[in-house]
Amino acid sequence: DVQQMLLDLGFTWVSCKAPKVKTGDVGTEPTPAIFNDIVRAQADAQPLVYPTGLIDVPMSPISDVAAFRNSRWKLDHFLKAIRLGVEWAIENRAVYDFLAHPSVLYPSDPEFKAIDLICDLVRKAGDRAALVSLDTIAARARLSGC
């Protein structure tokens, strides 16, 4: 019913799914198992089309809220998680939907290193990757029928 309501209101896509990942104990350095879990979850963060036709463009883990506010990660740990997630997306010709909130990201990353990292990885990937809008991702999902 909610999906149909959104469609009736003119929304063709949503971004409501964010796979849960392990983050470790608050204030501790993420372990290799945590980074592996983040990479594993990228497969669960791919666009899908619900039976109603509504498209979901999930957010890729890990969010800045989970990393910085909840787990108290250092910026280098967050950047490593992003790098691993984007590299997985490039290798698998998949989607990476960066999940960040300006009020959370800026205090921990005032130089926007996370954004620069994503742009650099996409640039280095050449024709294997592109920076696009969520509208573009949703349109592609609609055409492919995910």
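Biologist: Why is the crossing of α2 and α4 called right-handed?

Modeller: A crossing gets that name if the near helix is turned clockwise from the far one by less than a right angle, and left-handed if anticlockwise; the crossing of α2 and α4 is right-handed. This is a predicted model, where local features need pLDDT of at least 70 and side-chain atom pairs pLDDT 80 or more, while totals for chains, interfaces and linings use all residues. Residues are numbered from 1 along each chain as its sequence is written, and side-chain values use heavy atoms, without hydrogens or water.

Biologist: At what angle do α2 and α4 pack, and how do you know that they meet?

Modeller: Helix α2 (residues 32–42) packs on α4 at about 35°, with the axes 9 Å apart. Contact means heavy atoms within 4.5 Å, and Phe35, Ile38, Val39 and Gln42 of α2 meet His77, Lys80, Ala81, Leu84, Gly85 and Trp88 of α4. Six of the residues in this contact are nonpolar, three polar and one charged; Gly counts as polar here.

Biologist: Which residues of α4 and α6 meet?

Modeller: On the α4 side they are Leu75, Phe78, Leu79, Ile82, Arg83, Val86, Glu87 and Ile90, and on the α6 side Lys113, Ala114, Leu117, Ile118, Leu121 and Ala125. The contact of α4 with α6 divides into 11 nonpolar, no polar and three charged residues.

Biologist: Phe78 makes me curious about rings. Why is the pair of Phe68 and Phe78 called tilted?

Modeller: The whole structure holds four aromatic pairs. In this one the ring centres are 4.8 Å apart and the planes stand at 55°, so the pair is tilted: centres must lie within 6.5 Å, and planes under 30 degrees apart are stacked, over 60 edge-to-face, the rest tilted. The pair links distant parts of the chain, with Phe68 in helix α3 (residues 64–70) and Phe78 in helix α4, 10 residues apart.

Biologist: What makes β1 and β2 edge strands?

Modeller: The open sheet has three strands in the order β1-β3-β2, with mixed pairing. Both β1 (13–14) and β2 (48–49) pair on one side only. Pairing takes at least two bridges, and β1 and strand β3 (residues 55–56) are joined in the parallel sense over two. Trp13 stands opposite Ile55 of β3.

Biologist: What sets Ile62 and Arg93 apart?

Modeller: Most residues other than glycine have a negative phi, and most peptide bonds are trans. Yet Pro61 and Ile62 are joined by a cis peptide bond, with omega about 5°; Ile62 sits in the loop between β3 and α3. Arg93, in the loop between α4 and α5 (102–108), has a positive phi of about 50° although it is not a glycine.

Note on methods: Helices (H or I, at least four residues) and strands (E, at least two) are DSSP runs, numbered from the N terminus. Axes are lines fitted to C-alpha atoms, for helices over the stretch in contact, and angles run from 0 to 180 degrees between N-to-C directions. Rings of Phe, Tyr and Trp (its six-membered ring) pair if their centres lie within 6.5 Å; planes under 30 degrees apart count as stacked, over 60 as edge-to-face and the rest as tilted.
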